[in-house]
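Please look over the structure shown here before reading on.

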Amino acid sequence: MTKDIARLNAFPVFMRVEGKAVLVVGGGEEALAKARLLGQSSARLRVVAEAAEPELVDWIAANDAELVAEAFRPEHLDGAVLVFAATGDEAQDSAICAEARRKCIPVNAVDRPELCDFFTPALVNRAPLAIAIGTEGAGPVLAQIVRARIDRLLSPSLGALAGLANSFRGTVEKIVPKGGERRRFWNEFFSGAPARAMEIGHISEARRAATELLARRAGPATGHIALVGAGPGAEDLLTLRAQRLLMDADVIVHDALVPEAVVAMGRRDSERLPVGKRKGCHSKSQAEINELLVALGQEGKRVVRLKSGDPLVFGRAGEEMQALREAGISYEVVPGVTAAFAAAADFELPLTLRGVSSSMVFTTGHDLKGGTLPDWGKLAISGATVAIYMGRSVAADVASRLIEAGLSSDTAVAVVENASLSSRRRFHGTLADLPSLEERSDLTGPVMTIIGDAVAGANFERSEPLATHRRGKPAARQAEGAVA
Ligand code: SAH
């Protein structure tokens, strides 16, 4: 039956240690490392060390463990259910192992796999939930890497949720019939409203949601929409929460600007619905998107509505939230790294700069087309850093209106195409150069423009001049002025 699979030479089991004695022999750092690991359990820890190092002594005192300050004797093993030989001395560890084996107590010797009856795993602890990672002693570093990856994937609240599940288990077994119905109940418990409440630390709300779920006896699943910021494009600028929601999603509804690599981080069998929203692409209208989200919620789907950057910055999330509220569908918002921040990071550009700029404006520039200067124009003139979204086609208008209103044509400007991605391009110049952005046909990705005196504090080593006909790096000259 298990013919074609690689077989484990060490089989993972979870051993009951609550209230039982576990022995660690040794007084140095090896012993401390094992003590720390076991300290994550409710075992009674006994450390035998004739001369324990101060750090270990402190740890023992702080963690209610017992210190036996004697040289190891076989009697110390009595009553122990597990033994760790961690003296740091090979001969001594071998002798302890031999004694333990004689008394039929499983033993582990630090860094001596050949002497071990069992190995200790790398541990992701969400007690009562535990994930143990083992490599049969072959690759502790590998185990730690895997541990860190899994740790990132699992919500810190999972332990509390598992604890809550334990407190419901008895009742559930009494009133929810075994089989499909009970499975659906737990599915909804661990991924629906109780899980969401626990995720944001609302324990009483989680309990209430679970009670309600039980009252409904796992009827149709309730839908939930997460409006999630996908960040500016690089996969590793996604938040951990966004990643977790993507792994849980039944459906991912995404804009064209969200790169495929980010969408691909979703659960493999989740349905993906592109809704466009990019110039020249066939795309759904905002009203159609609102309707789609409401319909999916009503079908009981867990939906991730993935938007580039932050969902609340030029993302039309306001309309989607309103539609969901009106339809009574639960939703949440997960922030993301907005394009202005990614562009600033790519330019090492301080958005606020002491003594130069202490406020910033997020705008589109499209409102500069009318007859009156919008409020933010005055902010720009008084020194605010201005980040312009969707600003390529209005670059000339933005520049001329701001200059007309009194902003110096020498004001520094930074432009980033494809911020955060390896394909990014950076351009520097002044407000006088900005109109040339409209003529550049070589820019096909999304473009962020940042204007203001603080821009002069950026790093122009990797950027090209914005206006190709102008010489040098005019903004760099300003940088000195700004620092002085
Ligand atoms: N919600 C998004 C903005 C959506 S509007 C956010 O918070 O970032 C779309 C505009 O965002 C684009 O026209 C462009 O100006 C900007 N943008 C998005 N991603 C970008 C990127 N990787 N590099 C530069 N600008 C970007």
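**Backbone geometry**

- N418 has a phi near 55°, which is a positive value in a residue other than glycine, and N418 is placed in the loop between β15 (412–417) and β16 (425–430).
- S420 is found in the loop between β15 and β16 as well, and its phi is near 80°, again a positive value in a residue other than glycine.
- S420 counts as buried because its relative accessible area is 13%, and buried means under 20%.
- Elsewhere in the chain, A127 and P128 are joined by a cis peptide bond, with omega at about 5°, and P128 has its place in the loop between β6 (122–126) and β7 (129–133).

**Helix α6 with helix α8**

- The axes of helix α6 (residues 180–191) and helix α8 (residues 203–216) come within 11 Å of each other and cross at roughly 155°.
- Because angles over 145 degrees count as roughly antiparallel, that crossing makes α6 roughly antiparallel to α8.
- The crossing in which α6 passes α8 is right-handed, and the contact is made by F185, E188 and F189 on the side of α6 and by A210, L213 and L214 on the side of α8.
- When the residues of this contact of α6 with α8 are sorted by kind, they divide into 5 nonpolar, no polar and 1 charged.

**Helix α11 with helix α12**

- The axes of helix α11 (residues 286–298) and helix α12 (residues 317–327) come within 9 Å and cross at roughly 40°.
- The residues of the contact of α11 with α12 divide into 6 nonpolar, 3 polar and 2 charged.

- I252, which is found in strand β9 (residues 251–254), counts as buried at 0% relative accessibility.
- Leaving aside residues up to four places away in sequence, I252 touches L246, V263, G266, S270, E271, R272, L273, V304 and L306.
- I252 and L351 are 99 residues apart in sequence, and their C-alpha atoms are 33 Å apart in space.
- I451 lies in strand β17 (residues 447–451) and is buried, with a relative accessible area of 2%.
- The C-alpha atoms of I451 and V386 are separated by 5.1 Å, although these residues are 65 residues apart along the chain.
- V386 is also one of the residues that I451 touches, and others among them are A384, T385, I388, V398, L402 and L407, where residues up to four places away in sequence are not counted.
- Is R7 buried or exposed? With a relative accessibility of 57%, R7 counts as exposed, and its place is in the segment before β1 (21–25).
- The C-alpha atoms of R7 and H202 are separated by 43 Å, and the two residues are 195 residues apart along the chain.

**Confidence of the prediction**

- The protein has a mean pLDDT of 89, and 93% of its residues reach 70 or more.
- Confidence is highest in helix α13 (residues 339–346), at a mean of 98, and lowest in helix α17 (residues 474–483), at a mean of 39.
- Over residues 470–484, pLDDT stays under 50, and for this stretch the model has 28 contacts beyond four places in sequence.
- Where pLDDT is low, the predicted coordinates should not be read in detail.

Terms used. Residues are numbered from 1 along each chain as its sequence is written. This is a predicted model: local features need pLDDT of at least 70, side-chain atom pairs count only at pLDDT 80 or more; totals for chains, interfaces and linings use all residues. Side-chain values use heavy atoms; hydrogens and water are left out. Axes are lines fitted to C-alpha atoms, for helices over the stretch in contact, and angles run from 0 to 180 degrees between N-to-C directions. Helices (H or I, at least four residues) and strands (E, at least two) are DSSP runs, numbered from the N terminus. Angles under 35 degrees count as roughly parallel, over 145 as roughly antiparallel, 65 to 115 as roughly perpendicular and the rest as oblique. A crossing is left-handed if the near helix is turned anticlockwise from the far one by less than a right angle, and right-handed if clockwise. Contact means heavy atoms within 4.5 Å. Ala, Val, Leu, Ile, Met, Phe, Trp, Tyr, Cys and Pro count as nonpolar, Asp, Glu, Lys and Arg as charged, and the others, Gly among them, as polar. pLDDT is the predictor's confidence in each residue, from 0 to 100. Buried means under 20% relative accessible area, exposed over 50%, partly exposed in between (1.4 Å probe, protein chains only).
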